Amino acid sequence: MESAKTRDLVEQFLQKARDLNANVELLRVLRSRAYQIGTANVLIRAAVQTSPNKAYFFGLNYITAEEVANLDNPFFAFICGEIEQTLILPASIVIQHLPFISRDRNGEYKINIRPNLELVLSGRKNRFDCSGYLNAWQLLLNPPKIIGEKNTVEQSLHTVVQGRLLEIGNIRGYQTFSPNKSKKFNGKPLGSIATLPTPPKLEFSDYELLRQIDVLWFRERSKYLVPEYAFEVEISTGTWSGVGRMATLLDYSNARLYIISNDPKKYQQVVQAYSDFQPRYRHVQTEDLGELYAAELNLRELRAKIDL
């Protein structure tokens with residue numbers, strides 16, 4: 001549980017960023033304590049020693065880490081007891097080492113950083129020296145320039161949700177499609193995660209609308225692909241046109257239509273415009289989808305482990 005001391009350390013970190021003339025803004029779209037600082041996006045964690053010479057302990061949920069790591073210029077800041085002992089690590093470094101850090105069934109990684117600023121990894125005396133990132137404000141405030149299109153937090157989270165939906169569909173054995181092929185999720189283009197380059201042309205559906213739906217899952221039946229699930233991701237405060245696009249599948253009684261968003265009230269307002277078909281639509285919050293995704297990954301890992 002967060003203490004007054006760790007909250008104060010986070011506030012000191014943010015104030016130091018302001019003192020260095022960086023703009024600081026809370027990323028309200030994410031549930032984690034992440035901030036835009038300058039042109040970087042930073043997840044901040046703080047810890048104090050429970051006793052002398054003990055490691056600093058930080059809990060880090062994989063879903064949270066993944067969402068931050070998919071932002072532009074992502075960093076993780078680990079404050080070790082005092083503001084002058086802050087490790088400012090590029091997110092890629094943290095993600096690279098997560099497989100070698102113990103975690104529980106809920107995807108919570110147990111990050112231990114020794115007083116000498118070594119990250120404890122699995123295996124006897126296996127450590128990663130983080131001291132080169134001590135108070136690396138210059139790295140944080142002058143990250144590499146982004147090549148290509150810059151993404152807002154909303155756009156990044158939209159892509160993350162699409163990637164998670166594709167991964168879940170693949171795990172469950174569906175043929176999957178997304179029109180957003182070039183956006184990257186965990187370093188891979190969505191087009192390489194989806195199993196279908198294009199959706200099939202369906203007899204009772206408008207193909208131009210079908211091919212714009214954020215994520216589709218199809219079941220193979222004989223030599224045909226039948227739509228089983230359709231998903232529209234609504235993160236920003238847009239027009240929610242996805243509800244209308246999915247209506248092109250209403251003639252397929254087995255197709256289940258989902259809106260993924262973090263605004264259930266807005267969902268209710270929009271779906272009422274389709275009152276005749278409202279029972280066909282379902283709403284899932286982004287946080288719940290994240291938990292489902294983590295559970296699917298854990299189940300896949302367990303199945304592989306016990307070969308069952």
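Throughout these views, buried means under 20% relative accessible area, exposed over 50%, and partly exposed in between (1.4 Å probe, protein chains only). This is a predicted model, in which local features need pLDDT of at least 70 and side-chain atom pairs count only at pLDDT 80 or more, while totals for chains, interfaces and linings use all residues. Residues are numbered from 1 along each chain as its sequence is written, and side-chain values use heavy atoms, with hydrogens and water left out.

**View A. The largest nonpolar core and its contributors.** A nonpolar core here is a set of buried Ala, Val, Leu, Ile, Met, Phe, Trp, Tyr and Cys residues joined through side-chain atoms within 4.5 Å. The largest one holds 54 residues, and the members touching the most others are Phe76, Phe78, Ile111 and Ile113. Helix H5 (residues 153-171) gives the most to this core, with 7 residues; helices (H or I, at least four residues) and strands (E, at least two) are DSSP runs, numbered from the N terminus.

**View B. The surroundings of Ile113.** Contact means heavy atoms within 4.5 Å. Leaving aside residues up to four places away in sequence, Ile113 touches Ala55, Tyr56, Phe58, Phe78, Cys80, Leu87, Glu118 and Leu119.

**View C. An open sheet of 5 strands.** Follow the order E10-E13-E14-E15-E16, where the pairing is mixed; two strands pair if DSSP finds at least two bridges between them. At the edges you will find strand E10 (175-177) and strand E16 (281-285), each pairing on one side only. From one strand to the next, the twist averages 25 degrees. E10 runs antiparallel to strand E13 (residues 215-221), with 3 bridges joining the two, and Thr176 stands opposite Trp217 in E13.

**View D. Helices on the sheet.** H5 lies across E10, E13, strand E14 (224-234) and strand E15 (256-261), running at about 15 degrees to E13. Helix H9 (residues 264-271) also packs on the sheet, where it touches E15 and E16, and its direction makes about 165 degrees with that of E16. Axes are lines fitted to C-alpha atoms, for helices over the stretch in contact, and angles run from 0 to 180 degrees between N-to-C directions.

**View E. The salt bridge between Lys16 and Glu84.** A salt bridge is a side-chain nitrogen of Lys or Arg within 4 Å of a carboxyl oxygen of Asp or Glu, and the structure holds 10 of them. Here the Lys16 and Glu84 side chains meet at 3.5 Å, N to O. Lys16 lies in helix H1 (residues 4-19) and Glu84 in the loop between strand E5 (74-80) and strand E6 (86-90), so the pair ties together parts that are 68 residues apart in sequence. Lys16 is partly exposed at 23% relative accessible area, and Glu84 is partly exposed at 43%.

View F. Arg31 pairs with Glu287, their closest N and O atoms being 3.0 Å apart. Arg31 is exposed, at 68% relative accessibility, whereas Glu287 is partly exposed, at 34%. Arg172 and Glu296 come to 2.7 Å between their closest N and O atoms. Arg172 is partly exposed at 35%, while Glu296 is buried at 9%.
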